[in-house]
Amino acid sequence: MEKRPAFLAFLTISLLVISGGALRAQGLAPATLNLASHDQKTADDIVQIITSKSVKEPADKPVHAITKQRAPVVAKKLAQPVKKEPAPAIAKESAQPFVGEPVRPMDQQTVTKTTKHVGLFSFKTPEGKKESVPVVTQYYPKQIVYPFGRVDRHIDTRLMEAASIAEERAHAHSRSRCWHYVKEALLASGAIDSRPKTELARDAASELVSNYGFKKLPVTDPFSAPVGSVLVYGTSRSVGHVEFRTKNGFVSDFRSPTPSRRPLLGVYAKL
């Protein structure tokens, strides 16, 4: 009879211990059992940590918190380089060389080069060769100055008067009557007393020397001939040319600042 109350007391104590441990385990266990895998639990823990620190929202909505934060960040990164950054860079590069570069003055050498060579004048030489020269379109104030004729006091003054008469009667262009006009001027001034009879200009030298007392001067340059002297040009096969030396040039039936291009036979004057 003594063993039974002791057994009951031991049983009662053991039940109390077991019930206390069950209640303690029940308090520590979660309200609902999660049957997901270990990886899914770790992912949920990560989501809960991120959302709790950054968004500070309840842990039962982790998916909505992530989508709300990432969407605006992606949109900002795509919009900034397209709208704001390239547009100012293109505007600055295109505007700087157009606005900032100063206007350069035109170079005088380039202007003269373009105005000088306007065109070419083509012609054929007496030998039949085709040549061309540039057309001059500008005015040059510095003209070619020829030397004036010198006055020699040893020459008969009536020859200088004959040169003046021939210059008054001369024309602007040749009429192929040079020896005729020189004859008339010599007669009008009184340098000769009769009219020469030769017809060709190349024969004027021999007739003036043989019939009228003219002498050949030691002059080979027409510009060095004294004023009033008679210059005879030509060859044995040509008609020749005759003219007076004046202060400003040469004269026969026309006036010219330059002498004839024919071969010079000699310069003659009456002393």
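**Reading contacts, strands and side chains in a predicted model**

Modeller: In this predicted model, 54% of the contacts in the chain with a separation of 6 or more are between residues 24 or more positions apart. The secondary structure of the chain comes to eight helices and eight strands.

Colleague: What percentage of the 271 residues is buried?

Modeller: Buried residues make up 25% of the 271. The chain exposes about 20600 Å², and carbon and sulfur atoms supply 60% of that area.

Colleague: How should I read the sheet, and what is the order of its strands?

Modeller: Strands of a sheet pair through backbone hydrogen bonds, in a parallel or an antiparallel sense. Here six strands form an open sheet in the order E3-E8-E4-E5-E6-E7, with antiparallel pairing. Strand E3 (215-217) and strand E7 (255-256) are the edge strands, each pairing on one side only.

Colleague: How many bridges join E4 to E5, and how many join E4 to E8?

Modeller: Four bridges join E4 to E5, and four join E4 to E8.

Colleague: Which way do the side chains of E4 point?

Modeller: In a regular strand the side chains alternate between the two faces of the sheet. In E4, Val230 and Val232 point one way, Leu231 and Tyr233 point the other way, and all of these are buried.

Colleague: What packs against the buried residues of helix H8?

Modeller: Start with the helix itself. An α-helix has 3.6 residues a turn, so residues three or four places apart point the same way. H8 spans residues 204-212, and its buried residues are Ala204, Ala205, Glu207, Leu208 and Tyr212. They pack against helix H7 (178-189), as well as strands E4 (230-233), E5 (241-245) and E8 (264-269). Gly213 follows H8 and has a positive phi, near 80°.

Colleague: Where is Arg202, and what does it touch?

Modeller: Arg202 sits in the loop between H7 and H8. Its relative accessibility is 25%, so it counts as partly exposed. Leaving out residues up to four places away in sequence, Arg202 touches a set that includes Val232, Tyr233, Thr235, Ser238 and Leu265. Arg202 and Val242 are 40 residues apart in sequence, yet their C-alpha atoms are 7.6 Å apart.

Colleague: Which backbone oxygen does the Arg202 side chain reach at 2.9 Å?

Modeller: The side chain of Arg202 reaches the backbone oxygen of Ser238 at 2.9 Å. It also reaches the backbone oxygen of Thr235, at 3.5 Å.

Colleague: Is Ser189 buried or exposed?

Modeller: Ser189 has a relative accessible area of 8%, so it is buried. Ser189 lies in helix H7, and its side chain reaches the backbone oxygen of Leu186 at 3.1 Å. Leaving out residues up to four places away in sequence, Ser189 touches Arg158, Glu161, Ala162 and Ile165.

Colleague: How many salt bridges does a search of the whole structure find?

Modeller: The search finds two. In one, the side chains of Asp156 and Arg158 meet at 2.9 Å, N to O. Asp156 has a relative accessible area of 16% and is therefore buried, whereas Arg158, at 34%, counts as partly exposed.

Colleague: Which side chains meet in a salt bridge at 3.1 Å?

Modeller: Those of Arg195 and Glu184 do, again N to O. Arg195 lies in the loop between H7 and H8 and Glu184 in helix H7, so this pair ties together parts that are 11 residues apart in sequence. Arg195 is partly exposed, with a relative accessible area of 36%, and Glu184 is partly exposed too, at 27%.

Colleague: Which residues form a nonpolar patch on the surface?

Modeller: Phe121, Val133 and Val135 form one, with about 240 Å² of accessible area together. Phe121 lies in strand E1 (residues 120-124). Its relative accessibility is 49%; because exposed means over 50%, Phe121 counts as partly exposed.

Notes. Residues are numbered from 1 along each chain as its sequence is written. This is a predicted model: local features need pLDDT of at least 70, side-chain atom pairs count only at pLDDT 80 or more; totals for chains, interfaces and linings use all residues. Side-chain values use heavy atoms; hydrogens and water are left out. Buried means under 20% relative accessible area, exposed over 50%, partly exposed in between (1.4 Å probe, protein chains only). Helices (H or I, at least four residues) and strands (E, at least two) are DSSP runs, numbered from the N terminus. Contact means heavy atoms within 4.5 Å. A polar contact is a pair of N or O atoms within 3.5 Å; within protein, one must be able to donate a hydrogen and the other to accept it, and residues adjacent in sequence count only if both atoms are side-chain atoms. Patches are made of residues with over 30% relative accessible area and no salt bridge: like charges are joined within 9 Å, nonpolar side chains (Val, Leu, Ile, Met, Phe, Trp, Tyr) within 5 Å. Accessible areas come from the Shrake-Rupley method with a 1.4 Å probe; for residues, only the protein chains shown count as cover. A salt bridge is a side-chain nitrogen of Lys or Arg within 4 Å of a carboxyl oxygen of Asp or Glu. Two strands pair if DSSP finds at least two bridges between them.
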